[in-house]
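I opened my notebook to get to know a new structure. Here is what I looked up, in the order I looked.

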Amino acid sequence: MPAAVQTSPVFHVRGLARVYGEGDAAVIALRGVDLDLFSGELIVLLGASGSGKSTLLNQLGGLDSPTHGTLLYRGANLAAFGEAELTLFRRDAVGFVFQAYNLIPSLTARENVALITEICRDPMAPEEALALVGLADRMDHFPAQLSGGEQQRVAIARAIAKRPEVLLCDEPTGALDVRTGITVLEAIEKINRELGTLAVIITHNAILADMANRVFTLSDGRIVSVRENARRGLARDLAW
Amino acid sequence: MSLLDTKLLRDLRALRSQAIAVALVMACGLAMMIMTRSLILSLATTRDHYYEEHRFADVFARLKRAPNSVREELAAIPGVAHVQTGIAIQVTLDVPGLAEPAVGLINSLPERGEQVLNRLHVRSGRLPAGRTTVGELAVGEAFAEAHGLRPGDSIAAVLNGAKETFRLSGIVLSPEFIFEAPPGAALPDNKTYGVFWMPYRELATAFQLYGAFNNVSLTLAPGASEPAVIAAVNRLLAPYGGRGAYGRIDHASHRRVDDEIRVLVGLSVAFPLVFLSVAAFMVNSVMSRQIALQREQIAMLKACGFANRQVGAHYFKFSLAIVAGGVLAGALGGIVLGHQLVEMYHLFFRFPQLDFQLDARVLVFATAASAGAAFAGVAGAVRRAVRLPPAEAMRPEAPANFQPSLVERLGLARWFSASLRMALRNIQRRPVRSALTCLALALATAILIVPNSFRDGIAYVIDFQWDVVQRQTVTLSLVEPGPARALSDFKHLPGVVWAEPFRFVPIELRAGPITRRLTLQGLPERGTLSRVIDGEPRQLTLPPRGIVMSAKLAEVMQIKPGDEVVARVLEGREREIAVPVVGLAEDFAGTAAYMELDALNRLLLEGDRVSGAHVVLDRGHWGEFLSAVKRTPRIAGCIIKDSLREGFRKTTAESIGLLQKIYLLFATIVAFGIIYNSARISLSERARELATLRVLGFSRGEVGAVLVGELVLLTLAALPLGLVIGSGFAKGILTAVNTETVRLPLVLTPANYAFAVLVVAVASAASALFAARKVAGIDLVGALKAID
Ligand SMILES: Nc1ncnc2c1ncn2[C@@H]1O[C@H](COP(=O)(O)OP(=O)(O)O)[C@@H](O)[C@H]1O
Ligand SMILES: [Mg+2]
């Protein structure tokens, strides 16, 4: 990624640590993570359950603050952001995709997306976002009327409709079967390619690694390996 | 409308039955507040306006007789603005269609010009012509209505021994007689007591009072001191047989309206306070549950960039929507019921016009109060939800920390089924919530006690007053106190089985700075007809010395048995006598004081005299008796106990009965609302767990039993507590509303308790049934995924 390397990173992380609790009950979820993430990259974070992946993603997305270390977003010190600044950061720069979809059950697909675009600076039309994830014909369905994969794609549409700088996906396929999982990953891949969004995908499934530019493996709160793919595979070619 | 508001509306729809339950409870409290406050406003402003328009006086005095020239001296008293003198005389009436004689108070109309004070309002017809026609009377509306009298009808009255027939010129109202009741009586008796007006010359001539007056009203100049004026009036009138001037506070009609307003003030605070607290608690439980269910939605909103303020506002709006529903329903209910109750006041109070006036300020206050209550109810839950870091909220909630219940640890477990054990554990797992639910159920029980205690109190008063205290058939009163041998004349009237004399003397009782005007009753030491009963209740024997007074009077005058009071006699020869208080009596219709008849006569220095007699009749001679009474000019009045009782039933009892029914309806709605809501919430909290049990192979019945068991256990715990709290409420509210002239005893009957228990049991059963049906319908797969 020569082009990316020359520009400044979106995230610049050094010695990032997060400790939950205190004293004897303290849980060290992250113990010194270093990484730089660049615009347009597709990153896969691999690791066993409990290795600290979600904790790291939450730090990047401004959902949680680190205990120690440097966490810069475009040169700004995220760790020092207050509540209001973090809210604005999340509103304008970050798109989240959660394992549990977290749609509002009382709103239709279109309304779930529109709920977020209502508060953004320069969003795309909810219809456009839904079309991007291949749900143009299901826009007026309620979550209960959609399959898991469709719900997850609504969640992706919701995340990308704000044209975020980064798309953070925490086990987006965790609750899905293979085929559905691939359609969801394709949607993320498409956004990453077409909009140049930095996408970070968490998974404990190593097969997803093929579609990434870079793959970080976490274990016990540390990055234990970084792999750079010379050529990115396509999501649809992934074989479970 | 933002999509967050769309979500709000749809969530509200999904939660509508609970939202309606909460809104209804709130509406009941608000309706009562708006109704009572508006009635207060209606009564107070109508009265004040009436007083002003018709120039109701500030100070009143009766006297034996003073020449009209004294009027100028009265007007010259510093601080007196206007004076009106006249004649007021009590006469015996013969009303067409009424078997017994009635009593009329005839007031004079000024000889020249209009009335200066206490001006009449002519409802129909006109005032007596006076200068051109004689034999005309204007009649007060209450009496006219009770007898269906209309202008042009005639009525006979005995004026100074001579029976004359009068033509009714018109029906009138007076600010002096908003409440038309015989002097000293707390209850209206519009059949046998009426107020009339007649030209001065005609009335004065009949009683040889021409050129004199026996009745004064006056108004005070701005800034004048009422006690000083009263003292000056008393000094001035003393030589003319003055009976003591008094202010509005001692004016019977004014006092009664005032007391009614005081009752309403008590009611306007007590009930709504309880209902609104219950509503606040319900808002809290509904919203806490809603927020718990939407934990992940809240986390998502925050992760997507919604500010805490926006998320918090969303849930506040949720509860405000419920409040809005409650306020709307409450305002409508309050206005409708207020209109009905205003109608009821026409039974007691005679105003030219009494219209319902909505107290707009209370509407604003009520809205603010319920919004505040709802706010207080959800603030904690919202704050917790908003504070939760989004990353935290995404993680599933930690599994509840279950423990074997206390019952199990005590080794009693084998006595309980698995379902009941689970119910017990559920209760114990969340002790605070369980306690609050239990408290809410107890409140539901408690509020049911209050209205029925009113009903039972009324029934008790009716029995007490007219079976225990008053055992005569009729009470005959003489035109003037007469010699004791009048009693034997009474005994010889046809049909009379037994008669006991009484002597009524108007007095002013004084203890320290506190004075009260009342009728001192002289009775036989241990009579069998009109009896003096204490709080036990036990008949008191009147001792040969000293005064027995009603406990309430002693309380307001701050005296106890053994103390001495000063009684100023307001009739005949002016006297002041100091008497010891020797006992306290119980009575509910006004405040009374009693003395042994001979002891009273000794104090009055007038020899053996009686004012009348209580009489027991053989009903077979009813007709003969009444015509004999009508033929006896010395007999001024004849009060039939049963018609008094009937009158009380029709007026006071009916009005309190109407209030009681409204309150009972509200209390029942609230009880159902509370219980239904509790069932819904525990169903919602347990749905996942119950679905899991079903998946594990428990039957619908067993699973339903967990839920129902919990509700039943909490209800069982709540019932006794509720009965205790309810008794306390009843006591507190009665204390708040009891006044000197309007009082109810605290009567708590097993039937009252049984009714409360029954309503709560039915509401619980219905809610349990509903919950059980829901449990049966749980979609097993769906419930395990997501539940709301
Ligand atoms: N809020 C928290 N409080 C305490 N411990 C936590 C919390 N969040 C995560 N942890 C702990 O931190 C470690 C890393 O968790 P997480 O980042 O969720 O792992 P992963 O997403 O890789 O499965 C785990 O041991 C987890 O139990
Ligand atoms: Mg995780």
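My entries below go from ground rules to domains, then to the chain contact and the cysteines.

**Ground rules.** I am working with a predicted model, where local features need pLDDT of at least 70, side-chain atom pairs count only at pLDDT 80 or more, and totals for chains, interfaces and linings use all residues. Residues are numbered from 1 along each chain as its sequence is written, chains are lettered from A and ligands numbered from 1 in the order in which they are written, and side-chain values use heavy atoms, with hydrogens and water left out.

**Domains of chain B.** I looked up the domain assignment, whose bounds come from an automatic or database source. For chain B it lists domain 1 (1-54 + 253-398), domain 2 (55-252), domain 3 (430-470 + 645-788) and domain 4 (496-617).

**Domain 3 against domain 4.** In chain B, the C-alpha centres of domain 3 and domain 4 lie 45 Å apart. I found 13 residues of domain 3 in contact with 15 residues of domain 4 in chain B, contact meaning heavy atoms within 4.5 Å. The two domains of chain B bury about 1,300 Å² between them, with 55% from carbon and sulfur atoms; this is the accessible area (1.4 Å probe) that two parts lose on being put together, summed over both. On the domain 3 side, F464(B), E740(B) and R743(B) lose the most area, together 51% of what that side buries.

**Chain B against chain A.** Here 23 residues of chain B meet 25 residues of chain A. The area buried between chain B and chain A is about 2,000 Å², and carbon and sulfur atoms give 63% of it. L3(B), R10(B) and C304(B) supply 29% of what chain B buries against chain A, more than any other three residues. Which residue forms a salt bridge with R10(B)? I found E111(A), with the closest N and O atoms 2.5 Å apart; the rule finds one salt bridge across the interface of chain B and chain A.

**Cysteines.** I counted zero disulfides over all chains, taking a disulfide as a pair of cysteine sulfur atoms within 2.5 Å. For C304(B), the nearest cysteine sulfur is that of C120(A), 8.5 Å away. C304(B) is buried, at 4% relative accessible area, and C638(B) is buried too, at 1%. Buried means under 20% relative accessible area, exposed over 50% and partly exposed in between (1.4 Å probe, protein chains only).

Key. A salt bridge is a side-chain nitrogen of Lys or Arg within 4 Å of a carboxyl oxygen of Asp or Glu.
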